[in-house]
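Welcome! Take a slow look around the structure below before you try the exercises.

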Amino acid sequence: MENRKTPLQKSIVLPLSEIKIRYMAAFFSEGEAVRKRNILLVIAHPDDESMFFSPTILYLTSQGNNVHILCMSTGNADGKGDTRKEELYQACASLKVGPEQVKILDHPDLQDGFNHIWSQSLLAEIIKKEIASQAIDLLITFDCYGVSGHQNHRDVHLGIQMLLLETPQRSIEAWELVSVSMLRKYSGPVDIWLSLLCTSCYPKQQMCCLINGHPRKSFLAMAQHESQWIWFRKLFVSFSSYTYVNVLKKIDV
Ligand SMILES: [Zn+2]
């Protein structure tokens, strides 16, 4: 079931296998391609991981890395926080991230909502504690636009930026998911080629392209978010380039 691909996916994804390896290996610092990392993906809401970061999660878990997910809210904007929390655990399980590696916060000052501004220093403090307790050595999060422009996504990025500025030895490495234009966002697997082209202009230690060899797994993960799994999100996951490819850029502060 999982290996079934549409003819379009077959024609675009499969011939990329050699390029994939070259670009994926570049995700890690020089000489560290084989070292297993303790990685923390920081997201704002349940479903961010499946809608936007699934190529990254699938790649990292397939390489035996220890992936943790920190979700800053329960996504309670519509009063479905408790349900969405459970759905996130199920989605993570389908992406091979166990419940013990998923933490979902329900902090009064970090509630889901476009108009809720989250404190950067509070975010930095929480993430710092998580780094210490899980011995994290690599962070992944949204970039300053946050894929959709959602305020909570952008605040998570700013919180990590603050944390990096406060970390004097730069002992922690952080990467951001590069937001793409509207046209590219809905170009599905076609964006793999554009992403490869864009990343080729940058040094491999600064930007990398992670291609999803199993887009159906992203679809199945998103389907675990039953309360959100309505027609337009099904369309989004089918046509979104974030289902097929993630471009990550190292955050320099
Ligand atoms: Zn979100």
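Here are some exercises on the sheet, the core and the helices, each with a worked solution. The model is predicted, so local features need pLDDT of at least 70 and side-chain atom pairs count only at pLDDT 80 or more, while totals for chains, interfaces and linings use all residues. Residues are numbered from 1 along each chain as its sequence is written.

**Exercise 1. Work out the order of the strands in the open sheet, and find its edge strands.**

Step 1. Helices (H or I, at least four residues) and strands (E, at least two) are DSSP runs, numbered from the N terminus. Two strands pair if DSSP finds at least two bridges between them.

Step 2. The sheet has seven strands in the order 3-2-1-4-5-7-6, with mixed pairing.

Step 3. Strand 3 and strand 6 are the edges, as each pairs on one side only. From one strand to the next, the twist averages 25 degrees.

**Exercise 2. Trace the pairing from strand 2 through to strand 5.**

Step 1. Strand 1 (residues 38-43) pairs with strand 2 in the parallel sense over six bridges. Here Leu41 stands opposite Ile69 of strand 2.

Step 2. Strand 1 also pairs with strand 4 in the parallel sense, over three bridges. Leu40 has Leu139 of strand 4 as its bridge partner.

Step 3. Five parallel bridges link strand 4 to strand 5 (residues 173-177), and Leu139 stands opposite Ala174 there.

Step 4. How many of the residues of strand 4 are buried? A residue counts as buried if 20 or more other C-beta atoms, placed from the backbone, lie within 10 Å of its own; 12 or fewer make it exposed, and anything in between partly exposed. In strand 4 (residues 138-142), five of the five residues are buried, so the strand is largely enclosed by the rest of the structure.

**Exercise 3. Find the residues that touch the most other members of the largest nonpolar core.**

Step 1. A nonpolar core is a set of buried Ala, Val, Leu, Ile, Met, Phe, Trp, Tyr and Cys residues joined through C-beta atoms within 7 Å.

Step 2. Among the 60 residues of the largest such core, Leu41, Val42, Ile69 and Ile127 touch the most other members.

Step 3. Now zoom in on Val42. Contact means C-beta atoms, placed from the backbone, within 7 Å. Leaving out residues up to four places away in sequence, Val42 touches Leu70, Ile127, Leu139, Thr141, Val156 and Ile160.

**Exercise 4. Decide where the buried residues of helix 5 lie around its axis, and what they pack against.**

Step 1. Helix 5 (residues 81-94) has 14 residues and spans 20 Å from first C-alpha to last. That is close to the expected 20 Å, found as 1.5 Å times one less than the number of residues.

Step 2. The buried residues of helix 5 are Arg84, Glu87, Leu88, Ala91 and Cys92. They cover an arc of only 135 degrees around the axis, which puts them on the same side of helix 5. The arc is that of the directions from the helix axis to the C-beta atoms.

Step 3. Those buried residues pack against helix 3 (48-51), strand 2 (66-71), strand 3 (102-104) and helix 11.

Step 4. Just after helix 5, Lys96 takes a positive phi of about 70 degrees.

Terms used. Contact = placed C-beta atoms within 7 Å. Axes fitted to C-alpha atoms, helices over the stretch in contact; angles between N-to-C directions.
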